[in-house]
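Trainee: I would like to go through this model one question at a time. Please define each term when it comes up.

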Amino acid sequence: MSAKEAMRKKEALEASKDCLRKERIMGFFRDLLRKANGQTNDAEMQRILEKLRIQIEMLQSFALAMDAENDSDDDISLFVCLQLDLLSFALHIASSDNVLEQSEVNAINAFLGSDFSYSECKSLIEEGGLGSAVFNSTIPTSFKLLTEFAKYADGDAKGFAASLIYTYKVLGTAIAAVDGDFDAREKQNLDSYISRLEQYAERI
């Protein structure tokens, strides 16, 4: 890799990390918890969710930049991998209470820039085993790849992993709270999943 390409990769990583700063994400997370407890209005929630959407767009842009630099047809697309991982996670949380709401499907599409129907999401949950405990124990492939890229670009894989974990935490909280009922099972699955990611990050 040339010095110019390495610099572009580092700049893309820095842009993503800037959008994922812990203090910004924790602010969103606190606001989402207030919403879950009925302490925010619709306008505030819209602002919070729009910022979350921007964070995810930054991750998607970073993944596309990495794909553009890797021209091998045999390698997995980081962008596609990221989309599938975020979708699977969101559906896993949404189905934790055994009821998938249309509002949750709408929120997932808004966050990921996707256009899945309710029936498609139900099929993905059932066919992919997204509601199972087995899924809750898996580490997303894109999480592993992104932290590896971070290690290569600037050596701060742990810091970037922590930012990604907070993004998952905010996304999961948003999905769980969007129907107005932050179910105890949703919270339990979210906490368990985040704990798995944190354990993985400790070993990086």
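Trainee: Which helices each supply at least two residues of the lining of the largest cavity?
Mentor: Helices here are DSSP runs of H or I with at least four residues, numbered from the N terminus. A cavity is a set of points on a 1 Å grid over the protein atoms alone where a 1.4 Å probe fits but cannot get out, and lining residues have an atom within 4 Å of a point. At least two lining residues come from each of helix 4, helix 8 (141-153) and helix 9 (157-177).

Trainee: What pLDDT do local features need?
Mentor: Residues are numbered from 1 along each chain as its sequence is written, and side-chain values use heavy atoms, with hydrogens and water left out. This is a predicted model, in which totals for chains, interfaces and linings use all residues, side-chain atom pairs count only at pLDDT 80 or more, and local features need pLDDT of at least 70.

Trainee: What is the volume of the largest cavity?
Mentor: The search covers the whole structure and finds one cavity of 30 Å³ or more. Volume is the space filled by probe spheres set on the grid points, which are joined across faces, edges and corners. For the largest cavity this comes to about 30 Å³.

Trainee: How many charged residues does its lining hold?
Mentor: Among the lining residues are Leu82, Leu86, Ser142, Phe143, Thr167 and Tyr168. Ala, Val, Leu, Ile, Met, Phe, Trp, Tyr, Cys and Pro count as nonpolar, Asp, Glu, Lys and Arg as charged, and the others, Gly among them, as polar. The lining has seven nonpolar, two polar and no charged.

Trainee: Are helix 4 and helix 5 roughly parallel or roughly antiparallel?
Mentor: Axes are lines fitted to C-alpha atoms over the stretch in contact, and angles between N-to-C directions run from 0 to 180 degrees. Helix 4 (residues 78-94) and helix 5 (residues 102-112) have axes 11 Å apart, at an angle of about 160°. Under 35 degrees counts as roughly parallel and over 145 as roughly antiparallel. The pair is therefore roughly antiparallel.

Trainee: Which residues of helix 5 meet helix 4?
Mentor: Contact means heavy atoms within 4.5 Å. From helix 4 come Gln83, Leu86, Leu87, Ala90, Leu91 and Ala94, and they meet Glu104, Ile108 and Leu112.

Trainee: How many charged residues are in the contact of helix 9 with helix 10?
Mentor: Helix 9 and helix 10 (residues 184-202) pack at about 170°, with axes 10 Å apart. That makes the two roughly antiparallel. Among the residues that meet are Lys158 and Lys169 in helix 9, and Glu186 and Glu198 in helix 10. By class, the contact has nine nonpolar, two polar and, as charged residues, five.

Trainee: Which residues of helix 9 make the contact with helix 5?
Mentor: Helix 5 and helix 9 pack at an angle of about 150°, with their axes 9 Å apart. Helix 5 brings Glu104, Ala107, Ile108 and Phe111, and helix 9 brings Leu171, Ala174 and Ile175.

Definitions and conventions: Angles under 35 degrees count as roughly parallel, over 145 as roughly antiparallel, 65 to 115 as roughly perpendicular and the rest as oblique. On a 1 Å grid over the protein atoms alone, a cavity is a set of points where a 1.4 Å probe fits but cannot get out, and a pocket is an open set with protein on both sides within 12 Å along at least five of seven lines; lining residues have an atom within 4 Å of a point.
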